[in-house]
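The sequence and the model come first, and my entries follow.

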Amino acid sequence: MSDIRDPEVTIASPVNGEVIDLADVPDPVFSSKAVSGNVVSPVDGTVIMVADTGHAIAFETDSGLEVLLHLGIDTVQLKGEPFALKASLGDRVRVGQSIGTMDLDVILKKGKSTTSIVVFTNTDTR
């Protein structure tokens with residue numbers, strides 16, 4: 001677990017839509033396309049991981065908080081088809097900066113959920 005130096009970090013929604021509790025994922029409201037396909041950085045920080053399939057990307061803030069953004073549910077099975085991430089390992093990003101897109105129509109047509117998850121991966125309470 002990393003040492004988080006400053007617990008106050010601005011976190012922005014990485015996609016437009018409704019915020020739901022992790023216990024409620026997947027929520028059927030997302031199948032009605034309540035989110036847009038633009039993906040933005042949820043934090044100011046550095047990209048520390050980009051999945052080969054584009055379905056997940058991780059960031060580390062200057063204070064040491066690690067944030068994982070997972071785009072959709074079971075979307076790794078789509079082998080990158082709906083994702084066009086333009087952020088790369090080591091890139092500095094700002095809250096709200098566009099980091100790519102996800103094709104919601106493709107995700108839904110393939111029977112997957114567009115629910116996106118933001119997880120803090122190096123805290124005592126997850």
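**Entry 1: the elements.** I took helices (H or I, at least four residues) and strands (E, at least two) as DSSP runs, numbered from the N terminus. By that reading I find 1 helix and 8 strands in the protein chain. Their order from the N terminus is β-β-β-β-β-β-β-α-β. I number residues from 1 along each chain as its sequence is written. The model is predicted, so local features need pLDDT of at least 70 and side-chain atom pairs count only at pLDDT 80 or more, while totals for chains, interfaces and linings use all residues, and side-chain values use heavy atoms, with hydrogens and water left out.

**Entry 2: confidence.** I looked up pLDDT, the predictor's confidence in each residue, from 0 to 100. Its mean over the protein chain is 84, and 80% of the residues reach 70 or more. Over residues 27–33 the value stays under 50, and there the model has 12 contacts (heavy atoms within 4.5 Å) beyond four places in sequence. Where pLDDT is low, the predicted coordinates should not be read in detail.

**Entry 3: the chain as a whole.** I sorted residues by relative accessible area: buried is under 20%, exposed is over 50%, and partly exposed is in between (1.4 Å probe, protein chains only). Of the 126 residues in the protein chain, 40% are buried. I then looked at contacts between residues at least 6 apart in sequence, and 68% of these join residues at least 24 apart. Accessible areas come from the Shrake-Rupley method with a 1.4 Å probe, and for residues only the protein chains shown count as cover. The protein chain exposes about 6800 Å², with 49% supplied by carbon and sulfur atoms.

**Entry 4: the sheet.** Two strands pair if DSSP finds at least two bridges between them. In which order do the 5 strands of the open sheet stand? I read β6-β2-β3-β4-β8, with antiparallel pairing. β6 and β8 are at the edges with a single partner strand each, so one side of each has no neighbour in the sheet.

I went through some of the pairs.

- β2 and β6 run antiparallel and are joined by 2 bridges; T46 has R92 in β6 as its bridge partner.
- β2 and β3 also run antiparallel, with 4 bridges, and V47 has F59 in β3 as its bridge partner.
- β4 and β8 are paired antiparallel over 6 bridges, and I73 stands opposite S113 in β8.

β2 and β3 form a hairpin with 5 residues between them, and in the turn G54 has a positive phi of about 75 degrees. In a regular strand the side chains alternate between the two faces of the sheet.

**Entry 5: salt bridges.** I counted a salt bridge where a side-chain nitrogen of Lys or Arg is within 4 Å of a carboxyl oxygen of Asp or Glu. How many does this rule give? The count is 3 salt bridges.

One of them joins R94 to D44, with the closest N and O atoms 3.6 Å apart. R94 is in the loop between β6 (92–93) and β7 (98–102), and D44 is in the loop between β1 (38–40) and β2 (45–50), so the pair ties together parts 50 residues apart in sequence. R94 is exposed at 54% relative accessible area, whereas D44 is partly exposed at 27%.

R92 forms a salt bridge with D62, the closest N and O atoms being 2.8 Å apart. R92 lies in strand β6 and D62 in the loop between β3 (56–60) and β4 (66–73), so this pair ties together parts 30 residues apart in sequence. R92 is partly exposed at 46%, and D62 is exposed at 55%.

E81 and K110 also meet through their side chains in a salt bridge, 3.6 Å from N to O. E81 is in the loop between β4 and β5 (83–85), and K110 is in the loop between α1 (104–109) and β8 (113–120), 29 residues apart. K110 is partly exposed, at 45% relative accessible area.

**Entry 6: before β1.** I found G17 in the segment before β1. G17 is partly exposed, with a relative accessible area of 45%. G17 and S36 are 19 residues apart in sequence, and their C-alpha atoms are 7.4 Å apart in space.
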